[in-house]
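Biologist: Hi! Could you walk me through this model, starting with the basic words?

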Amino acid sequence: MAYRVIGIGNAVMDVIAPITDAQLEQLGIARGVMALVERERSDQLTAAAAGARLVPGGSVANTMAGLGRLGLSTACIGRVADDDLGRAYVRQTVAEGSDFVNPPAAGAGLPTSRSVIFVTPDGERSMNTYLGISAELDESDVDEALFSDGCWLFLEGYLFDKDKGKAAFHKAALAARAAGGQAGIALSDPFCVDRHREDFRRLVAGPMDYVIGNVHEWLALYQVADLDEALRLAAADCGTVICTRSGEDAILIRGDERVTVPVHAVTPVDATGAGDQFAAGLIYGLATGRPLAVAGRMGCIAAAEVISHVGARPEADVLALFRAEGLV
């Protein structure tokens, strides 16, 4: 099958369960905090997640799901184990409209990555993430034959923490570009950028055609205090530069073209997935040949939709929202 967009990222099963404040205290969970936990702690919390709902997650997987709902053929490259969570992750990802091209790994020694998310009655989410097998992705997981004429690639900066993840990214980017497609990445986190600044700089100035980052990530990448200077340096390195600014106008630069895209104020119900769905709307616009300003506006609409409800994936018909604004 020919895919329009392929994403590479952490395949993390979200294990979402209701909980009381008293139960949070009993389990020793910090309320409203995202914590990285070890395997034993993750197993303990998974067992305590009575009545849990399983939702396949991970930043890029959320973006691919959004693109799939917009009508583009999508695929996810990632690692899950051949366990209950891994098999469920693959089934549900396919049911959401994206192929998960890597079969669950048997005998890998590490279980499927998961984020155990406890939700109190007031809607506060306390996340406990175990990285598991997804962080072990390497070049062998990338099949160059998946990339066909005009295929777009989207990468997740979180997976850049290990050398083998970096190698997988480079292999995929070269394959996408060799097939006439475009390769891009979300910087994901300023601390990740700080840890791997020089490698990120080489990636952005090398095989990346588009890069998405927020203000903090761009400033961290170029180690400057002025956003305009950071974006000037970014535009000198990369063909298309996108900067989101937490409720303010987004900035998009492509060659000599610079546009600002309005963000309409929305009171967030749940900010989870805002960046993931911004990327989905943006990539949809770029991959279907829309003008830069239109693609940016699509990203803002998709982000606004997902923060209007609980969950990291769209519930409304986002394509219909695009039509309502005359964008398609």
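Modeller: Helices (H or I, at least four residues) and strands (E, at least two) are DSSP runs, numbered from the N terminus. This is a predicted model, where local features need pLDDT of at least 70, side-chain atom pairs count only at pLDDT 80 or more, and totals for chains, interfaces and linings use all residues. Residues are numbered from 1 along each chain as its sequence is written, and side-chain values use heavy atoms, with hydrogens and water left out.

Biologist: Thanks! Where does aspartate 256 lie?

Modeller: Aspartate 256 is in the loop between β13 (248-254) and β14 (257-261).

Biologist: And is aspartate 256 buried or exposed?

Modeller: Aspartate 256 is exposed, at a relative accessible area of 86%. Buried means under 20% relative accessible area, exposed over 50%, and partly exposed in between (1.4 Å probe, protein chains only).

Biologist: OK, new topic. Which residues of the largest nonpolar core touch the most other members?

Modeller: Those are Phe118, Phe154 and Phe322, in a core of 56 residues. A nonpolar core is a set of buried Ala, Val, Leu, Ile, Met, Phe, Trp, Tyr and Cys residues joined through side-chain atoms within 4.5 Å. Apart from this one lies another core, of 44 residues, including Ile77 and Leu203.

Biologist: What is phenylalanine 322 in contact with?

Modeller: Leaving aside neighbours within four places in sequence, phenylalanine 322 is in contact (heavy atoms within 4.5 Å) with Leu70, Gly281, Tyr284, Met298, Ile301, Leu327 and Val328.

Biologist: Let's do strands. Why is β2 largely enclosed by the rest of the structure?

Modeller: Strand β2 (residues 12-18) is largely enclosed because six of its seven residues are buried.

Biologist: And which strands does β2 pair with?

Modeller: β2 pairs with strand β4 (residues 53-57) in the antiparallel sense, over five bridges. β2 also pairs with strand β7 (residues 113-119), this time in the parallel sense over seven bridges. Two strands pair if DSSP finds at least two bridges between them. As examples, valine 15 has leucine 54 in β4 as its bridge partner, and valine 12 has serine 113 in β7.

Biologist: What about helix α3, how many of its residues are buried?

Modeller: Nine of the 11 residues of α3 (residues 59-69) are buried, so this helix too is largely enclosed by the rest of the structure. Among them are Ser59, Asn62 and Met64. Glycine 71, with a positive phi near 105°, follows α3.

Biologist: Switching to charges: how many salt bridges are there in the whole structure?

Modeller: A search finds 23. A salt bridge is a side-chain nitrogen of Lys or Arg within 4 Å of a carboxyl oxygen of Asp or Glu.

Biologist: Which residue forms a salt bridge with aspartate 141?

Modeller: Arginine 79 does, with the closest N and O atoms 2.8 Å apart. Aspartate 141 lies in the loop between β8 and β9 and arginine 79 in the loop between β5 (74-77) and α4 (84-95), so the pair ties together parts that are 62 residues apart in sequence.

Biologist: And what does lysine 166 pair with?

Modeller: Lysine 166 forms a salt bridge with aspartate 163, where the closest N and O atoms are 3.6 Å apart. These two are three residues apart in helix α5 (residues 163-178), so about one helical turn separates them. Lysine 166 also forms a salt bridge with aspartate 199, at 2.5 Å between the closest N and O atoms. Aspartate 199 is in helix α7 (residues 197-205) and lysine 166 in helix α5, so this pair ties together parts that are 33 residues apart in sequence.
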